[in-house]
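The sequence and structure are shown before the comments.

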Amino acid sequence: MLEQVAASFDAPATASVRQMYLSLSERDVEQAAMLQAADWLRATLDATPYGLPQLPQGAEQFAAWAAAHTEAVGEQYKQYLAERKGGAPRRYFTNKAHALYFLKGVAPTKLVDGAWLFGLLQYWEQGAKRPLITTYLEELGNGVPGKNHVVIFQQLIDAHGCAQWQGLPEEHFLQGLIQLALAYNPQQFLPELIGYNLGYEQLPLHLLITSYELNELGIDPYYFTLHVTVDNADSGHARKAWEALTKLTPQVGDADAFMRRVEAGYRLNDLGASTQTVIDSFDLHAELVGILRSKSAVGKNMHSDYCKVGGRMINDWLSDPDQVPAFLVALEKQGWFTRGETPEQSRFWGLLHGDHAQMFGVFSAYEEQVLHDWMATPSQPLATAPVARVATHRALQRAAGGVVDGRPRRIRESAERGLIRHRFPDDEHAWGAIACDLRLLEAKLAASDSKEEAIAMLIALMSPATHHTSAGLMATRIFSKLFA
């Protein structure tokens, strides 16, 4: 996607953006939710400020435009690498907690990756839409778990305790809502969908830098490096995006009006929380205070009377969330830790790990990382303060024989299943004995009266809410074979 800009944009004041997003993320989306999303998207398009140059016209102009964009991004990335080699600090992430904060902040968008194309599956027989449908199938990894973008990102945030993202501010859900609104209203917004897709599939500089710095901090960058390769403008999604625009632009009718709507869809990429705004919003101290305030709600009555800090009982400190900053100061004064020193050597860290870890399990992996990096950071940072060395993700992988923190780098790719591998009884009531979702799906497909009926069954399982489940992945594999 293009580098997003911080535009002075206010989402139309209807229902909560978060609530609409969550409604469209359900397995069975109600018609009312689709219509509400369509109204919201229409109002959003009307309110979106115009700020992009006109898109190139014709295959030759597009090729030159795409090449110029890719060349510019490549040059900027070369400059970044030269700066880093010359000793410059990371541009995006000050520490690992910062990087995990970013992953959590973009989760509502990444967990619906490719969703805007879902509604086009129903047009699988229309050749002009084939490039867009092919792109959707590739976003879904053609049904292979280790290539499905949502599976990969979900695995990433699960591994680092970043899966609690539902309480993020509204702007974090706006891009995901745009994608879902397009997914369930393709007939009303086909030109806008084409334009959004064209913008989203261009290689951005932030993708390259993010991949580099995540690896540097010991975090698997595969989700991001996969997009660098699959979105290429020569044969990847960026190229397919332009092919779709060329094929779907009306030859009879108002092509100029169509292109204006395409450009409006293109501009939708600039709305909501962007990569840069999420990164810039990180405040290590504020994040830790927020975590401890949420813990105080459940921990304020769970400490014995002899547990005191600064002459006050722990329960007293935790009774008021606003006391958390002063509580941290009191803990340091009493010697539980010293800011700027190795956290693992502190008394407080011993409460979380070790033989006498009385607070084991209180913090998620993400929350522990925030606490760790806050303790490791001096309260009065010096310009020359040393930066802790972190083994890269690839180094960790080599040292662990391909396993990091007890988890494989990526989900292992399994052998493809045949389309229909079993015979099933003609009596449909006997299907009740089939306990496995995948075998039941096979039975229903085998019993379908036509290819169209089978395709409709598969499409229902390839929705944004289900394509990354075992049944959805199998449905995608079968659909991909039939589509090919």
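**Notes on the predicted model**

1. Confidence. The protein chain has an average pLDDT of 85, and 83% of the residues score at least 70; pLDDT is the predictor's confidence in each residue, from 0 to 100. Over residues 300-304 the pLDDT is below 50, and this stretch has eight contacts in the model beyond near neighbours in sequence (contact means heavy atoms within 4.5 Å). Residues 411-415 also stay under 50 in pLDDT, with seven contacts beyond four places in sequence.

2. Conventions. This is a predicted model, in which local features need pLDDT of at least 70 and side-chain atom pairs count only at pLDDT 80 or more, while totals for chains, interfaces and linings use all residues. Residues are numbered from 1 along each chain as its sequence is written, and side-chain values use heavy atoms, with hydrogens and water left out.

3. Helices are DSSP runs (H or I, at least four residues), numbered from the N terminus. Ten of the ten residues of helix α8 (residues 174-183) are buried, so this helix is largely enclosed by the rest of the structure; buried means under 20% relative accessible area, exposed over 50%, and partly exposed in between (1.4 Å probe, protein chains only). The cover over the buried residues of α8 includes α1 (17-24), α2 (31-47), α5 (107-110) and α9. Helix α9 (residues 190-200) is itself mostly covered, with eleven of its eleven residues buried.

4. Nonpolar core. The largest nonpolar core has 135 residues, of which Leu 103, Phe 153, Phe 224, Phe 348 and Phe 479 touch the most other members. Such a core is a set of buried Ala, Val, Leu, Ile, Met, Phe, Trp, Tyr and Cys residues joined through side-chain atoms within 4.5 Å. Beyond four places in sequence, the contacts of Leu 103 are Phe 153, Leu 156, Ile 157, Leu 214, Ile 219 and Phe 224.

5. Salt bridges. The structure holds twelve salt bridges, each defined as a side-chain nitrogen of Lys or Arg within 4 Å of a carboxyl oxygen of Asp or Glu. One joins Asp 39 and Arg 42 (3.2 Å, N to O); both residues lie in helix α2, three residues apart, about one turn of the helix. Another joins Lys 78 and Glu 75 (3.6 Å, N to O), both in helix α3 (residues 59-85). Lys 78 is exposed, with a relative accessible area of 52%, whereas Glu 75 is partly exposed at 39%.

6. A pairing between helices. Arg 261 and Glu 192 meet through their side chains in a salt bridge (2.7 Å, N to O). Arg 261 lies in helix α13 (residues 255-267) and Glu 192 in helix α9, so the pair ties together parts that are 69 residues apart in sequence. Arg 261 is partly exposed at 34% relative accessibility, while Glu 192 is buried at 6%.

7. A buried charge. Which side chain of opposite charge is nearest to Arg 339? Arg 339, in the loop between α17 (324-333) and α18 (347-352), is buried yet has no salt bridge, and Glu 332 is the nearest such side chain, 5.4 Å away. Polar atoms of the Arg 339 side chain lie 2.7 Å from the backbone oxygen of Trp 374 and 2.8 Å from the backbone oxygen of Thr 377.

Definitions and conventions:
Helices (H or I, at least four residues) and strands (E, at least two) are DSSP runs, numbered from the N terminus. Lys and Arg count as positive and Asp and Glu as negative; His and the chain ends are not counted. A polar contact is a pair of N or O atoms within 3.5 Å; within protein, one must be able to donate a hydrogen and the other to accept it, and residues adjacent in sequence count only if both atoms are side-chain atoms.
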